[in-house]
Amino acid sequence: MDVSQYLEIFLDETREHLQNLNTEILNLEQDPENEDTVNEIFRAAHSLKGMAGTMGYKRMQTLTHDMENVFSEVRNGTIKIKSHMIDILFQCLDALEEYTTNIQENSDEGTNDNEALIKLLNDCLKPDGAQEETPAPESTAGKPAAAASGGSKWSSIPLDEAQKLVLGEAVKQGKKVYGITVKVQESCILKAARAFLVFKAVEELGEILVSAPSAQDIEDEKFELDFSIIVITDSPLDRVLADIKSVSEIEEAEGAEMTESSPAAEKAEKSKEKSVPAKTETAKASGAENAPAAKTGAAKQEKKSNTKAVGNRTVRVDIEKLDVLMNLVSELIIAKNSLVSATTTQEGRESNAAVDSQIEYLENVTTSLHESVMKVRMVPIESVVNKFPRMIRDLSKKLDKKMDLQMTGEETELDRTVVDEIGDPLMHLLRNSADHGLESAEVRAERGKPEVGSIFLNAYQDGNNVIIEVGDDGNGIDVENVKNKAIERGTVTPEQALNMTDKEIIDLLFLPSFSTAKEVTDVSGRGVGLDVVKSKIETLGGEVEVKTQLGEGSTWIIRLPLTLAIIQALMVEVGGEKYAISLNSVTTLENIAPSDVKLVQSEEVIHLRGSVIPLIRLNEVLDIESTRKENENMIVAIVKKGDKLAGLVVDKLMGQQEIVIKSLGKFVDKTRIISGATILGDGEVALILDANVLI
Amino acid sequence: MEELKNNGGAKQFIVIRVGEEQYGIDIKYVDNIIHMCSITRVPKVALYVKGVINVRGEVIPVMDIRTKMGLMEAEYTKNTRIVIVKSEQQGFVGLIVDAVKEVVTLEVDGIEKVSYDNKSGKTMFVTGVGKHQGSLISVLDLNEILTE
């Protein structure tokens, strides 16, 4: 079978499963007894095995198979999770990761058999000491059919009160209830699809009350070769079974009529109509006590099963297709802007209310369209930050420091392109925190800090920005140290250093090849790093700054724009030319008399509500004559970057506009104050000023 | 066979006029030729970069080929055109030329190489000279024109 067309899906899903395994095994390390975690791991390993097998990656299949074996034993309670097992499991995940990378690069899993690992895994399987207990997770108490199953799996389906009630009701209405176990052929590849067809066939005849595993799990192929269902229908059992068997690749379907109370007993005297009224009586009686509760429960259950069917409908879309869509939306917005300017610039035109209202409507539509497309492109940063707990765990062992990573806001969403790029910078900052930030255990004890160092990553949305803070409660940045290093390296002269503020000195860290680590370690300290972090974040249109307190820790604050392509901008005129300034950075607009401009250290500043704000005359920055007369009042846009403010002097305000950011092209990319260009409604190009660079 | 070889050895060029001279631009680099339009100045760039223009929704930088070649700036006339070329390194770039004349086919064999140690700087932008109906056409070295 040619499976190459599934390769991408396979890679995507493998990554997801691996990430899932990483997370769950970390959980397991914290809580080795957690049954849910073990089950989740087992399922993920099992799906991986199945996928690798289907795609013909034998080595990957073997390894996952052995992992699955271990978990199967853990699940059965024959062996217990030990810390060395966790290490082995992590090694397995790394090996799987390697296979996946190989497959992605040359569609071949490579030749590493990982025999040593497999042996280690198999060693884990050897029971150590006597088994203390043999819990059987499948047969929990309270399941009506547990005792009398007699080999039919359907009879062990657990039923809750609400379902029992529904069952009782159905029987009362003269419907039949069958328990059916369906077995698919071992060679079947699309088990979930077959199961779906079975469900569909059955649903034509009646209603599926419950299934084991759950419908969701079956849909995700989280089942072995068989699954069981309980069906409420008017049709005879033979008909139902025949319909199920008519689905191809179904090996067997067996079933029997049942009632809610005792399927086994019912099985013995099955299809005896007489017994039905009696059974319903009991059902009614037992249900009557907690009728209101059970009823709402039943309603809930029904609702739940309904939403389950539609809840998870997703489509995987190539990001390039979304890019095309985004570009088209951009074009549409430009066209809309032209329309707006065409209707407003006609002189002496009689205003046409119908046109105006339609344009307004068009504006609403394009704005919503833009928002929707942006939303489609948004993904939670979860996919990136999820790998960090594992990384910190490994670092902790490697550096022999105790540390703990706390993350919040993993659900914060960012544009897909940003999320793809933000992983490396974040990883770098975390490594920095682990390596340089956190002190050794002795120093921490001396300073009275808790033994376990804490590293944190907080993400949250702030207006049109997303903020990601990465930090630690470690040593903080030693400003003197940085200063000395800078002088030593000749980055600054001692005289310069004397006049620099702490912040300016800390900013030196972002210069290329500036590492203050006393010794180079494996983890960080090679001098490539913070400058790369900074430039990466800047290419994403964001910025990074650091807050630090010597002895108490440091926090790196990354500010990223929510959207990349379309922004709200303040349009201004300088020397007859039109420029756009991102509205994000503009705080207020001021009217300043020329006499209010003061000189501080031969720099022009203005006093505004108690703060001194440096003035930047845009016409000077842009090499152009201002059209403003000497004695006229100045229009000043106050812009903000972090805590810093600056006033940009412009000639004229043109208003606020939604603009589409276009790249200037490499040829004229050299000017950092211009971050891009946009096309105005009249087809002219206006440049976008980057206020962050000006400040 | 003979014919195939001939076709392989011939190239089409867009002939442009800069001052009194004729230059040929290999047609495979030419994306579009447009009339002079309003150019948005970009501050703090090289003198020969006149700014950026909007071509079918894309922002494209334009340079004045005269300034780049070290010639006097000339006033833009109704003949002035912007030739949009696409280079691998720079993407789309517009070249302001005095006029666009025609498309000619030149035999590659008939294009004579120019020696580079000429004292006039502008030959630096030319890879060879071809003849067409009695007039000379200098073949422009686009990569050289587009590097800063």
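Modeller: Chain A has 24 helices and 22 strands, and bear in mind that this is a predicted model. Of its 695 residues, 33% count as buried. If you take the contacts in chain A with a separation of 6 or more, 68% of them join residues 24 or more positions apart.

Now for the pair. Helix 17 of chain A covers residues 416-437 and helix 22 of chain A covers residues 530-539; their axes come within 10 Å and cross at roughly 150 degrees. Angles over 145 degrees count as roughly antiparallel, so helix 17 of chain A is roughly antiparallel to helix 22 of chain A. The handedness of this crossing is left-handed.

As for who touches whom, helix 17 of chain A brings Glu421(A), Asp424(A), Pro425(A), His428(A) and Leu429(A), while helix 22 of chain A answers with Val533(A), Lys536(A) and Ile537(A). Sort the residues of that contact by type and you get four nonpolar, one polar and three charged.

Chain A also meets chain B, in a contact that takes 21 residues from chain A and 19 residues from chain B. On the chain A side, helix 13 (319-345), strand 21 (674-679) and strand 22 (685-689) each supply at least two residues. The chain A residues touching chain B split into eleven nonpolar, three polar and seven charged.

Terms used
Residues numbered from 1 in each chain as written. Chains lettered and ligands numbered in written order. Predicted model: local features only at pLDDT ≥ 70, side-chain atom pairs only at ≥ 80, totals over all residues. Axes fitted to C-alpha atoms, helices over the stretch in contact; angles between N-to-C directions. Helix = DSSP H or I, 4+ residues; strand = E, 2+ residues; numbered from the N terminus. Parallel < 35°, antiparallel > 145°, perpendicular 65-115°, else oblique. Left-handed = near helix turned anticlockwise from the far one by under 90°. Contact = placed C-beta atoms within 7 Å. Nonpolar A, V, L, I, M, F, W, Y, C, P; charged D, E, K, R; others polar. Buried ≥ 20, exposed ≤ 12 C-beta atoms within 10 Å, placed from the backbone.
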